[in-house]
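Student: I have the model open. Can we go through it piece by piece?

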Amino acid sequence: MKATFCRASLLVQVNGEPQPTDSLALSPGRSSTTRSRILFHEAVHYWQELSHGFLIKLADEEWTRLRTYEEKGEVAGIGPVRREFDWQDPGIGFSARTLHECLARYWEIIAFGPAQVISLEWQLDRTAAHPDFQQAWKEARHSTPENASSSDDVYMAMLMIGGEYAAPFLAAWQQFGPDAAFVFPWLAHLALTTDRPTTSYAMLTNECGHELANEVSEILDDPAIPFTERYDSTMILLGPRAHLAFLRTLPHDSMTGYGLTAYSPSHLRTNPAYAATFDAVVTAASALATTRAGAIDCPAMGLGRGF
Ligand SMILES: [Zn+2]
């Protein structure tokens, strides 16, 4: 089965036989894990699209080109945002497209569990590994509490399914070691809320990466955090620190903001899919604001008090 996310329509197109509606189709525990992983990956692109200002600007530019073609029959040239998306930064060797794709694969690994991704890749014979290594890896898994995955598993899973898109994660791993499993997603996420994601990612990595990695180590060493909550707690505690580092490091005029901030002044208001989606976002935010949850920022959508 193949699936693709279509930016202009916000739809995930699935290539295959129609299936009965299954509200649990995206659940990581489904028996058809391969199929649900493919769908999950494209669903992550959907949420990235709504969250990252840079991607909203890209959709805006492409929507405007499409409208021009429909109204005047003219095929406009590729715009500056698309060029930036595909531009491979010679200093770091990858593009914003790669960064965005790498982040989607990272979330795919986290959602399904690195250990499960690795096992499945071996089961399907998509990645070779010596049987002795597989056996040693399985035994190591069973000796950890709750059969938990480690940062090393995230790294190995990324090597297996990341392909050429793994480059940003592997570069972060080279600099920060296992702490990259926590630092990478925050830096990639924040870089995608700027006009020049790869340049921003390089600046953030060089100027605040080590500081954030040290904070990861401190959080992970905190004996008060139960083993099973380490991933969530570390990500939650690291978030505000990464945001502060972002505000301190990057020029404010390079920041696109989150989804809603970039959507509001865009031409996407004339795109029915985006208009309906962001109307629903605003409605949900208004409803949340009347509850206790309204006291909590929603930084991923750019709806909180702080953004
Ligand atoms: Zn993808």
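Student: How many bridges join strand β1 to strand β2?
Tutor: This is a predicted model, so local features need pLDDT of at least 70, side-chain atom pairs count only at pLDDT 80 or more, and totals for chains, interfaces and linings use all residues. Residues are numbered from 1 along each chain as its sequence is written. Strands are DSSP runs of E with at least two residues, helices runs of H or I with at least four, numbered from the N terminus; two strands pair if DSSP finds at least two bridges between them. β1 (residues 2-6) and β2 (residues 11-15) run antiparallel, and the bridges joining them number 5.

Student: Which residue in β2 is the bridge partner of F5?
Tutor: In the hairpin of β1 and β2, 4 residues lie between the strands, and L10 takes a positive phi near 65°. Across the pair, F5 is bridged to V12.

Student: How are α4 and α9 set to each other?
Tutor: Axes are lines fitted to C-alpha atoms over the stretch in contact, with angles from 0 to 180 degrees between N-to-C directions. Helix α4 (residues 96-112) packs on α9 at about 140°, their axes 10 Å apart. Angles under 35 degrees count as roughly parallel, over 145 as roughly antiparallel, 65 to 115 as roughly perpendicular and the rest as oblique. The two helices are therefore oblique.
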